[in-house]
Amino acid sequence: FIGLVIWANLDPANPFVSPVSAPFAIGLVYATLVWGFADIAISPNLARDLGTRIVATIFFGGEAFSYLNYSWIAVLVNVPATIFATG
């Protein structure tokens, strides 16, 4: 979803978003996603979430991936969704 919003805002043929308001619109959507949906069990940034959980697995074992019903959808969906949004 965030990839679709970014590319829609950066599209020069989009008459609804001016170049001046594009950073605000992208930031507002990202903030809404983080504040509305991000829990301890989901992270919108794959690079910050997966690496730290792998390191935490070294110290805490498999509990790092099962803490508070961790959802693998956050890891598995980011890359294909961004590719789909840009393609």
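I began at the surface. Val55, Ile58, Phe59 and Phe60 make up a nonpolar patch there. Together they carry about 510 Å² of accessible area. I note at once that this is a predicted model.

I looked up where Phe59 sits. Phenylalanine 59 belongs to helix 3, which covers residues 46-60. Is phenylalanine 59 buried or exposed? I find a relative accessible area of 65% for phenylalanine 59. The cut-off for exposed is over 50%, so phenylalanine 59 counts as exposed.

Next I checked the length of helix 3. It has 15 residues, and at 1.5 Å a residue they should span 21 Å. The expected span takes one less than the number of residues.

Then I looked at what follows helix 3. Glycine 61 comes just after it and takes a positive phi of about 75°.

**Entry: the whole chain**

I stepped back to the overall layout. The order from the N terminus is α-α-α-α-α.

I then turned to burial. The chain has 87 residues, and 22% of them are buried. The accessible surface of the chain is about 6,400 Å². Carbon and sulfur atoms account for 73% of that surface.

I also looked at contacts by separation. Among contacts in the chain with a separation of 6 or more, 54% join residues 24 or more positions apart.

**Entry: asparagine 14**

I moved to the loop between helix 1 (2-10) and helix 2 (22-37), where asparagine 14 is found. Is asparagine 14 buried or exposed? Its relative accessibility is 18%. Buried means under 20%, so asparagine 14 counts as buried.

What does the side chain of asparagine 14 reach? I find the backbone oxygen of alanine 8 at 2.9 Å from that side chain.

**Entry: glycine 27**

I finished in helix 2, where glycine 27 lies. Glycine 27 has a relative accessible area of 33%. That value falls between the cut-offs of 20% and 50%, so I log glycine 27 as partly exposed.

I also looked up glycine 27 against isoleucine 6. The two are 21 residues apart along the chain. Their C-alpha atoms are separated by 9.4 Å.

Key:
Residues are numbered from 1 along each chain as its sequence is written. This is a predicted model: local features need pLDDT of at least 70, side-chain atom pairs count only at pLDDT 80 or more; totals for chains, interfaces and linings use all residues. Side-chain values use heavy atoms; hydrogens and water are left out. Helices (H or I, at least four residues) and strands (E, at least two) are DSSP runs, numbered from the N terminus. Buried means under 20% relative accessible area, exposed over 50%, partly exposed in between (1.4 Å probe, protein chains only). Contact means heavy atoms within 4.5 Å. Accessible areas come from the Shrake-Rupley method with a 1.4 Å probe; for residues, only the protein chains shown count as cover. Patches are made of residues with over 30% relative accessible area and no salt bridge: like charges are joined within 9 Å, nonpolar side chains (Val, Leu, Ile, Met, Phe, Trp, Tyr) within 5 Å. A salt bridge is a side-chain nitrogen of Lys or Arg within 4 Å of a carboxyl oxygen of Asp or Glu. A polar contact is a pair of N or O atoms within 3.5 Å; within protein, one must be able to donate a hydrogen and the other to accept it, and residues adjacent in sequence count only if both atoms are side-chain atoms.
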